[in-house]
Amino acid sequence: MQEEDVAIFLYIRVNFGVFTRYSIFLSCYCRFFPIFCISCVCYNEIMQENLLTWYDWAARALPWRKTHDPYAIWISEIMLQQTRAETVIGYWQRFLLLFPTVEALAAADEEAVLKAWEGLGYYSRALNLHRCAKQVAEMGGAFPRTAELLSKLPGIGDYTAGAVASIAFGQRVPAVDGNVERVTARIAGIREDVGIPSVKRALRAQAAAWVPPDRPGDFNQAMMELGARVCQPAPKCAECPVSAFCDAFAAGDADSLPVKQRKAPQRVERWTVALVVAGNKVLLRRRDEKLLHGMWCFPMINGPVLPFQVENKLSEIGIITRHVEGIGSARHVFTHIIWEMALQRFDVEKPSHCPPGYCWADLEQIDALPIPTAMRAAKQAAVAILAKQK
């Protein structure tokens with residue numbers, strides 16, 4: 001079927017759905033049935049049918065949609081948090097090649113898991129993924145089949161539990177992520193702050209009421225697809241298969257929903273990043289802070305400090321250095337923080353002792369260790385320096 005045929009087909013389905021809805025309503029009225037309840041049921045059924053019809057024809061061919069394996073679906077759902085589907089595809093495929101089963105992931109070294117996650121960001125997801133895999137492996141390798149039990153596992157919240165339970169096990173539960181929250185608020189006309197707990201509960205209850213018993217996983221994915229491609233922050237209402245059922249479309253205020261409290265501005269932190277070079281090696285530190293926990297970074301000193309202050313800090317851990325040059329700056333944006341970094345090179349005559357949590361890394365080790373995207377500029381500079389040392 002050609003694109004134009006699909007568009008015409010969907011237009012007919014949507015408008016026929018509206019006609020049918022009101023026909024059923026009038027029919028119920030004439031026969032003195034409980035009008036409100038019956039019309040609501042019909043409304044839900046027709047909305048579900050129109051959305052699923054659109055999804056069947058228009059959904060992207062994403063690889064995790066071809067499986068009902070709860071492990072593969074779980075991996076995809078964790079990766080898709082805060083990350084575009086197009087980016088996730090390659091990571092998901094490589095991750096499953098490295099760790100094809102939950103037992104394989106549970107048995108893996110934490111550093112190997114972080115390395116496989118390198119570049120996806122939000123590294124706490126990878127650590128929770130590893131913890132969860134260990135717990136599932138201890139339970140015999142079988143994932144719980146209900147959202148309630150899934151949500152008790154490390155790193156699995158209501159959304160992920162609902163997605164896995166509905167897609168892998170066919171449980172009739174909602175999966176409310178940011179996209180589904182936006183779609184639900186607009187269709188249902190929820191004009192209160194969705195960050196308020198009572199409003200959030202009401203929105204989730206509405207999303208749950210729409211999930212059909214026969215295709216709950218597909219319906220949840222259709223809602224996500226609609227939010228990702230059509231019901232975006234700047235909505236494309238003319239392309240929406242359920243605009244006839246949408247309160248916000250009727251009211252003309254879709255672009256103002258959902259209502260959310262403004263986020264606080266990101267805090268700016270300034271750092272000096274020390275590239276400490278000893279022959280063909282550079283000094284790295286494994287972070288024990290919550291942010292980027294377990295990842296390897298170059299030594300960082302808080303603030304825009306002078307070179308001799310960096311030398312003094314390094315001497316405190318037994319590394320005696322000589323400042324060579326400034327080698328540029330870098331900036332990395334996290335969800336709540338912005339790092340502004342000055343990169344400085346320091347040399348030592350030879351690798352000295354390695355303090356706990358540090359290592360001297362050559363080019364091969366730099367490539368093998370999990371180093372976050374925040375360190376990309378510093379890593380590139382270090383690789384260029386070491387390449388000249390050969």
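Select Gln82 to begin: this residue is exposed, with a relative accessible area of 63% (exposed means over 50% relative accessible area, buried under 20% and partly exposed in between, with a 1.4 Å probe and protein chains only). Gln82 sits in the loop between α3 (70–80) and α4 (85–98), where helices (H or I, at least four residues) and strands (E, at least two) are DSSP runs numbered from the N terminus. Its phi is near 65°, a positive value in a residue other than glycine.

The model is predicted: local features need pLDDT of at least 70, side-chain atom pairs count only at pLDDT 80 or more, and totals for chains, interfaces and linings use all residues. Residues are numbered from 1 along each chain as its sequence is written, and side-chain values use heavy atoms, with hydrogens and water left out.

Next, select Leu292, in the loop between β2 (281–286) and β3 (296–297). Here too phi is positive in a residue other than glycine, near 60°. Leu292 is buried, with a relative accessible area of 7%.

Now display the whole protein. It contains 16 helices and seven strands, and buried residues make up 47% of its 390 residues.

Turn to strand β6 (residues 337–347). Nine of its 11 residues are buried, so the strand is largely enclosed by the rest of the structure. Strand β1 (residues 267–278) runs parallel to β6 and is joined to it by 11 bridges; two strands pair if DSSP finds at least two bridges between them. Select Trp271 to find the residue opposite Met341 in β6. Strand β5 (residues 322–333) pairs with β6 in the antiparallel sense over nine bridges, and Ser329 stands opposite Ala342 in β6. Three residues lie between β5 and β6 in the hairpin that they form.

Go on to Pro258, in the loop between α13 (247–251) and β1. A cis peptide bond joins Leu257 to Pro258, with omega about 0°.

The last stop is the largest cavity, which holds about 110 Å³ of space. Of the 15 residues that line this cavity, Arg186, Cys231, Cys237, Cys240 and Cys246 are the closest to its centre. A cavity is a set of points, on a 1 Å grid over the protein atoms alone, where a 1.4 Å probe fits but cannot get out; lining residues have an atom within 4 Å of a point. Grid points are joined across faces, edges and corners, and a volume is the space filled by probe spheres set on the points. Select helix α10 (residues 178–188), which gives the most to the lining of the largest cavity, with three residues.

Terms used:
On a 1 Å grid over the protein atoms alone, a cavity is a set of points where a 1.4 Å probe fits but cannot get out, and a pocket is an open set with protein on both sides within 12 Å along at least five of seven lines; lining residues have an atom within 4 Å of a point.
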